[in-house]
Amino acid sequence: MTMSINTGLVSGIDAGSLVSQLLQVEAAPQTALKSRLATSQVTASAYRTVNSALQALTTKAGSLLEPDGFSSAKGSSTSTGVTVTTTSSATPGSLTFTVAKVATTAASVSADRWATTSDPAGITTLDIRSADGSTSKGTVALDGTESLTQVAAKINADSALGLTASAVQVAPGQFALQISASTSGQAAGFSVVGNKTFDPTSIGQDAELTVGADTATTTAYTIRSASNTFEGVLAGATFTVTKEETTPVTVTVAADPDAVASKVSSLVDAVNNALSTIKTYTNNAQGSTAALRGEYAVTSISSQLLQAVSDAVGSDGSPARIGIELTRDGTIEFDAEKFTAALQTTPDLAQRLVTGSGTSGDPGAVAGIAGRVREVAEIASNATTGTLSSLAKGQDSLARDIKDRIADWDVRLAKRKVTLTRQFTAMETALSSLQNQSNWLAGQLSSLPS
């Protein structure tokens with residue numbers, strides 16, 4: 001007997017709908033688990049968002065605590081032919097010089113010309129020597145069967161030679177072998193000895209700065225560089241020359257209080273961002289749906305941050321002295337003008353209030369704002385031991401357990417559906433049999449003589 005599993009032919013019952021409704025009732029625990037899973041995932045995400053804000057704060061504070069984190073300088077030059085860049089460790093100073101030479105790169109070209117770059121070039125020996133020819137830098141193994149392209153490839157493959165080579169077309173159907181030093185400077189200069197002649201096209205030369213002048217009472221000195229970049233002539237500064245300068249050029253590296261103020265302002269911004277993020281996710285106001293509503297483990301971090309920024313720093317007193325203060329709405333305000341003024345008049349005080357004094361861990365060491373803020377943020381956000389990291393991982397673990405239980409319910413409900421469908425089918429079969437018997441009896445009764 002064929003039977004629809006949706007609507008019984010005999011009973012007329014919508015079995016599909018009935019089974020669905022029964023399963024829906026029995027799946028109530030699974031529905032509750034799905035709701036708990038969503039909540040757990042949202043909570044874990046909220047912990048991680050707050051954690052990210054604190055990690056950013058940790059990084060920002062850490063950069064100020066680096067040895068050169070609180071120093072900053074800017075460089076300037078009196079010539080467009082000399083540029084200067086500085087690092088955060090640059091110290092103020094100046095230097096006046098002329099640019100006697102700029103660096104050049106040695107190069108040579110073959111005297112011979114070839115009609116193609118693919119036929120054997122007949123070069124059997126190539127001995128690369130120093131510019132004056134006194135010392136060999138290495139040889140290129142050749143047997144004369146290599147083409148110009150192959151010879152160039154062999155030169156390029158030997159990095160110890162410090163050369164680059166290529167076959168260049170000097171006229172239609174005329175090719176030469178060009179060899180150049182990989183780097184500029186006198187030390188990279190070279191000459192070529194072999195069965196073919198190579199003529200220098202450029203001599204390797206160092207860049208030279210001349211400081212002072214030779215007179216009856218003074219003596220000039222020279223600063224050399226293999227490239228046109230001079231590093232470390234002044235601490236933390238790099239000069240780059242682009243042309244010879246006979247007129248003296250003055251390069252100056254000066255303190256840049258605005259840059260330091262910018263770094264401290266950036267730290268304050270990071271603190272305020274962390275405070276704002278915590279406030280948003282823990283909002284405990286009436287009707288709030290914040291994922292971490294009223295979560296003390298998180299709200300307490302705000303209190304610790306505010307304390308880290310506002311408490312007195314040792315005997316130096318309040319950070320308000322350098323323009324860092326709490327506001328009534330629970331944020332940090334940075335007065336850049338006041339900070340810059342403090343940096344110019346009392347730079348040591350400004351630095352101690354921000355970065356502290358002494359070596360961390362030593363007796364007498366005092367942590368400044370940056371150190372205290374970093375400690376609070378790191379305790380909460382450390383990837384291994386941080387409280388927020390642990391709370392997020394706890395939610396992840398809970399979510400995995402709930403997913404397993406939801407999966408168990410899927411199996412259980414699937415089996416239940418099979419059972420209910422079979423019961424419905426059995427009922428329809430029984431009803432069909434009874435109906436057939438009833439029809440047969442009715443037929444027998446109707447056939448009896450009246």
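Visitor: What makes the largest nonpolar core, and which residues have the most contacts inside it?
Guide: The largest nonpolar core has 45 residues, and Leu54, Leu57, Phe70, Leu305 and Phe339 have the most contacts inside it. A nonpolar core is a set of buried Ala, Val, Leu, Ile, Met, Phe, Trp, Tyr and Cys residues joined through side-chain atoms within 4.5 Å. Buried means under 20% relative accessible area, exposed over 50%, and partly exposed in between, with a 1.4 Å probe and protein chains only.

This is a predicted model, in which local features need pLDDT of at least 70 and side-chain atom pairs count only at pLDDT 80 or more, while totals for chains, interfaces and linings use all residues. Residues are numbered from 1 along each chain as its sequence is written, and side-chain values use heavy atoms, with hydrogens and water left out.

Visitor: Which element gives the most to this core?
Guide: α4 does, with 10 residues. Helices are DSSP runs of H or I with at least four residues, strands are runs of E with at least two, and both are numbered from the N terminus. The protein has nine helices and 17 strands.

Visitor: Which residues is leucine 305 in contact with, leaving aside its neighbours within four places in sequence?
Guide: Leucine 305 is in contact with Leu54, Leu57, Ala274, Leu275, Val373 and Val376; contact means heavy atoms within 4.5 Å. Another core, of 23 residues, lies apart from the largest one and has Trp114, Ile128, Ala165 and Ala188 among its members.

Visitor: How do you know that the span of α1 is close to the expected one?
Guide: The expected span is 1.5 Å times one less than the number of residues. Helix α1 (residues 15–26) has 12 residues and reaches 16 Å from first C-alpha to last, close to the expected 16 Å.

Visitor: Why are the buried residues of α1 said to line one face?
Guide: Ala15, Val19 and Leu23 are buried in α1. Down the axis, the buried residues fall within an arc of 65°, so they line one face of the helix; the arc is that of the directions from the helix axis to the C-beta atoms. They pack against α9, whereas the face turned away carries the exposed residues Gln24 and Val25.

Visitor: How does the radius of gyration of the protein stand against that of a compact globule?
Guide: The rule, 2.2 Å times the number of residues to the power 0.38, uses a radius taken over C-alpha atoms. A compact globule of 450 residues would be near 22 Å, but the protein has 42 Å. Its C-alpha trace spans about 155 × 80 × 35 Å along the principal axes.
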